[in-house]
Amino acid sequence: MATVLAIETSCDETAVAIVKNRHILSSVVSSQIAIHQQYGGVVPEVASRQHVEIVNQAIDQCLTESGLDWSEIDGIAGTCTPGLVGALLVGLTAAKTLSIVHDKPFIGVHHLEGHIYASYLSDPDLEPPFLCLLVSGGHTSLIYVKDCGRYEVLGQTRDDAAGEAFDKVARLLKLGYPGGPIIDRLAAEGDPKAFALPEGQISRPEGGFHPYDSSFSGLKTAVLRLTQRLEATGEPLPIADLAASFQATVVRALTKRAIACARDYGLNTIAVGGGVAANRGLREQLQAAAAPYNIKVMFPPMKFCTDNAAMIGCAASEHLDRGHISDLAIAAQSRLPLSEVMSLYRV
């Protein structure tokens with residue numbers, strides 16, 4: 001497979017990696033979490049400016065750590081969608097410039113396809129078809145992975161993404177940002193059965209509920225109202241129990257839908273991607289629920305759950321091997337359906 005240098009700047013991580021044969025030769029990730037914590041969330045303009053300051057040194061560091069020179073790089077990749085447009089533009093412009101200067105083909109990559117390819121980094125022998133449960137701050141989807149560039153979204157959230165719900169509930173409980181790791185840590189100390197919370201279901205026009213779609217907005221509101229009732233008593237909030245009950249509800253909803261979807265479509269592998277893939281409760285419950293059905297569950301290493309360029313490079317390497325090259329005129333897009341990935345390439 002091709003050796004690709006990839007740049008990822010879709011949100012608040014400036015990342016550069018070099019990938020070959022689904023193996024990482026070097027990977028650099030500079031997180032902006034400490035900067036955005038004071039605002040309680042990501043500020044797009046601040047994120048873009050930080051990318052501008054860091055991207056060049058990240059490229060230099062990545063190339064140095066790989067031990068390669070530009071003659072050994074086959075292509076340059078950059079995340080072009082979805083994400084914060086200003087942030088995307090920084091990495092995309094850097095990637096296009098390197099492509100022109102070093103006369104290398106350019107490969108634009110869909111960020112969600114990158115998260116799917118994070119599983120290939122942990123198991124280079126993984127091959128489609130399989131089900132991907134993609135759970136992050138902006139996305140919660142069940143994706144039927146048929147081949148490189150061929151995806152069918154079978155289920156998705158209708159409102160808040162799972163990671164977004166973690167951040168919002170953490171804010172309600174005054175725990176800080178980002179909420180996922182904090183709630184995960186506190187949940188280990190609390191009682192997941194302390195409070196009954198609504199799982200959230202999507203009604204179908206013909207009756208019943210959608211088996212794979214999810215909803216977390218109502219759960220967030222239920223935690224708000226529960227917190228208000230508890231605060232009215234004048235007693236300290238049972239933060240650990242609230243965190244554990246909330247996390248258990250999210251994990252139950254995700255696990256139930258993922259197992260049902262995999263069984264219904266005859267898929268014996270579930271690959272999990274996105275920041276919420278780092279959640280210990282999800283890792284434990286999904287694997288336990290899948291075992292009786294002989295369904296293999298794969299989680300990327302913790303460092304590849306959140307945004308990184310190695311997953312982008314892994315996807316780009318396979319596209320390049322198949323002759324999929326992007327035009328330099330390709331634009332940064334805040335949204336693009338995963339089913340339209342192949343529109344990014346000249347085939």
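What radius of gyration would a compact globule of 347 residues have, and what does the chain have? Some quick notes on that and a few other things follow.

1. Bear in mind that this is a predicted model. As for the opening question, a compact globule with 347 residues would have a radius of gyration near 20 Å, and the chain has 20 Å, so the two agree. Along the principal axes, the C-alpha atoms fill a box of roughly 65 × 45 × 35 Å.

2. If you're tracing the fold, look for ten helices and ten strands. Of the contacts with a separation of 6 or more, 71% link residues 24 or more positions apart.

3. On burial, 55% of the 347 residues are buried. The chain still exposes about 14,500 Å², with carbon and sulfur atoms supplying 50% of that.

4. Now the charges: there are 28 positive and 37 negative ones in the chain, and their mean positions sit 6 Å apart.

5. Arg22 has 6% relative accessibility, so it counts as buried, the cut-off being under 20%.

6. What does the side chain of Arg22 meet there? A polar atom of that side chain lies 2.8 Å from the backbone oxygen of Pro124, and the backbone oxygen of Leu126 lies 2.9 Å from a polar atom of the Arg22 side chain. Leaving aside residues up to four places away in sequence, Arg22 also touches others, among them Met1, Tyr120, Asp125, Glu127, Cys314 and Glu318.

Key. Residues numbered from 1 in each chain as written. Predicted model: local features only at pLDDT ≥ 70, side-chain atom pairs only at ≥ 80, totals over all residues. Heavy atoms only, no water. Helix = DSSP H or I, 4+ residues; strand = E, 2+ residues; numbered from the N terminus. Rg over C-alpha atoms; globule rule 2.2 N^0.38 Å. Buried < 20%, exposed > 50% of the residue type's maximum accessible area, 1.4 Å probe, protein only. Contact = heavy atoms within 4.5 Å. Areas by Shrake-Rupley, 256 points an atom, 1.4 Å probe, with all protein chains shown as cover. Lys, Arg positive; Asp, Glu negative; His and termini not counted. Charge placed at Lys NZ, Arg CZ, Asp CG, Glu CD. Polar contact = N/O pair within 3.5 Å; in protein donor to acceptor, adjacent residues only side chain to side chain.
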